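Please examine the chain shown below. The account that follows is meant to be read beside it.

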Amino acid sequence: MMFQIKVIEIRNPEARTTVSFRYLLNHFDLLLVNNMTKQKNPVAQEGKSQNVHLRHLQLSDYPELRDIMTQVYGKVKDPYWERMDIKRLLEIFPEGQLCIELEGKMVAVALAIIVDYKKYGDNHTYQQITGGETFSTHDALGDVLYGIDVFVHPEYRGLRLGRRLYDGRKELCENLNLKSILAGGRIPNYAKHANELTPRQYIIKVRNGEIKDPILNFQLSNDFHVKKVLKNYLPGDTQSKDFATLLEWNNIYFQENEALINVPRTYVRIGLVQWQMRPFADFDALVEQMEYFIDAFGDYQSDFILFPELFNAPLMAEFNQLGTHEAIRGLAKYTEPLREKFTEFAISYNVNIITGSMPETRGDHLYNVSYLCRRDGSWDSTSKIHITPGEASSWGMTGGDKVEVFDTDAGKIGILICYDVEFPELSRIYAEQGLHILFVPFLTDTQNGFNRVRYCAQARAIENECYVAIAGCVGNLPKVNNMDIQYAQSAIFTPSDFAFPTNAIKAEATPNTEMTVIGDVDLELLKELHEFGSVRNLKDRRNDLYQVKIKK
């Protein structure tokens, strides 16, 4: 889904700030409670009886909803929530979209989704929790009701309609047996006190009644508490100095259903294959060697197995009489059968397999593709983004254009193929998507080529507060053109802090020797590092100064 970004200017006496309209309107109380208690309702002033009705929103309400947004947010050509946005919300979660009618006229709206909160944790942004405002993060089996937006017609403020909407959300949360209601809230008066107070001190003074903050006061009066202070939740919010509060209301009637199987893992076991390049008689012989390693890791109850980049290159000997350009395309005919075998082994040995990489043809283009074959039988793929000069000239490779993490039963993972790990932007995008483990299948012929991969992989682990596993090929293939020699030392790297090994290496192989590497990593340590590390590389980024974004 494509969105336009509308920009308006918000001025205050202290500074002129240009803020993304989408961001500014992106959350439930941006304009809801300003002067809520000061403005008198004209209907109430005339002494008329008022019939107030809380109900579920319907798509036919969109014209009135559009009118409210225009009244609240100004006469912008296209209102923030398009009809297709509301249609999507009503399709996936009609119960969560509430509105209030007064004398038959819709005057207030509240929008929400359900999320599986453990997938996001407390350090998320609005973009992450809403799936870039596509609501792809909605999970009917989730445990938290997450507030997206609330707005009240300006003429009807002062009637405590915001409170009534919140009460409706609380009732919904209880009836659906959800653990809590969560939302991010601005602190728009903080800029006036930022030179004297930290966000924490500011919140305490608001709670104690020493400072007035229209949004935070409203939340606290509705029995919400501040769970955490967020940085860069809504980038460009100068009034809040880019801070926000993560607000929570707990459902005291929540009854947790204890999982008996498929409990998310805290400790994850990673297996690496340091693959010996050797001639194989045929496809079946290669598959037999693959299964040998998979069987061994299965006996150790590994959660992941990582194979190297282009580990299947020995099969290219069949096409040695052809030029390198044609030979690599000949090798590509084995890719789908290999992926099918990997999927079969992932199920039978109960392990998630990152298949290294293999060439894949799509039309006239050739890609270097890695597959994630999950133990539940599902699979995903990603293509090498950056093509080396040698791959471009010898093979005519084309770079991929998909940058995304994958959900597994043992955490969120990303895959960067060899050269890609030398571009820090990709892993930073993964980190923004909640990355836990980065897998890097590689193929290098010399030690200096290997060191580029190794040192960049270690840097990625430190700067993105994640684990990085690399696996490469060793040995020689004298009868395969362009694949003569290999050098590798496979390893599992960690961040560098007190909870991790002092050299930031969890496990590593002997250089240039066929072998396996097995190591356990603790995903909970990553959460602690993010919150309490000696340094906090992700949280301390200057998003006010620079950002890394996907263009496609």
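The model is a predicted one. Its chain holds 15 helices and 24 strands. Of its 552 residues, 52% count as buried. Among the contacts in the chain with a separation of 6 or more, 71% are accounted for by residues 24 or more positions apart.

An α-helix has 3.6 residues a turn, so residues three or four places apart point the same way.

Helix α8 spans residues 214-221, and helix α7 spans residues 199-207. The axes of α7 and α8 come within 10 Å and cross at roughly 60°, which means that α7 is oblique to α8. The crossing of α7 past α8 is right-handed. On the α7 side the contact is made by I203, V206 and R207, and on the α8 side by L216, N217 and L220. Sorted by class, the residues of this contact of α7 with α8 are four nonpolar, one polar and one charged.

The other pair brings α8 together with helix α6 (residues 161-175). Here the axes come within 11 Å and cross at roughly 50°, so α6 is likewise oblique to α8. The crossing of α6 and α8 is right-handed. G162, R163 and Y166 of α6 meet F218, Q219 and S221 of α8. By class, the contact of α6 with α8 comprises two nonpolar, three polar and one charged residues.

Helix α9 (residues 283-299) packs with helix α11 (residues 335-348) at an angle of about 30°, and their axes are 11 Å apart. Angles under 35 degrees count as roughly parallel, and α9 is therefore roughly parallel to α11. The crossing of α9 past α11 is right-handed. From α9 the contact draws on F283, L286, V287, M290, E291 and I294, and from α11 on P337, L338, K341, F342 and F345. The residues of this contact of α9 with α11 divide into nine nonpolar, no polar and two charged.

L102 is in strand β4 (residues 98-102). The relative accessibility of L102 is 4%, and L102 therefore counts as buried. L102 and V52 are 50 residues apart in sequence, yet their C-alpha atoms are 4.7 Å apart in space.

L230 belongs to strand β8 (residues 225-231). Because its relative accessibility is 3%, L230 counts as buried. Leaving aside residues up to four places away in sequence, L230 touches D122, N123, H124, D242, F243, A244 and L246.

Most residues other than glycine have a negative phi, and most peptide bonds are trans. D242, although not a glycine, has a positive phi of about 65°. This residue is found in the loop between β8 and β9 (243-250). At 13% relative accessibility, D242 counts as buried, because the cut-off for that class is under 20%.

Where is L310 found? L310 sits in the loop between β11 (304-306) and α10 (324-331). L310 has a positive phi of about 50°, although it is not a glycine. Its relative accessibility is 2%, so L310 counts as buried. In D242 and L310, then, a positive phi is found in a residue that counts as buried.

Methods:
Residues numbered from 1 in each chain as written. Predicted model: local features only at pLDDT ≥ 70, side-chain atom pairs only at ≥ 80, totals over all residues. Heavy atoms only, no water. Axes fitted to C-alpha atoms, helices over the stretch in contact; angles between N-to-C directions. Helix = DSSP H or I, 4+ residues; strand = E, 2+ residues; numbered from the N terminus. Parallel < 35°, antiparallel > 145°, perpendicular 65-115°, else oblique. Left-handed = near helix turned anticlockwise from the far one by under 90°. Contact = heavy atoms within 4.5 Å. Nonpolar A, V, L, I, M, F, W, Y, C, P; charged D, E, K, R; others polar. Buried < 20%, exposed > 50% of the residue type's maximum accessible area, 1.4 Å probe, protein only.
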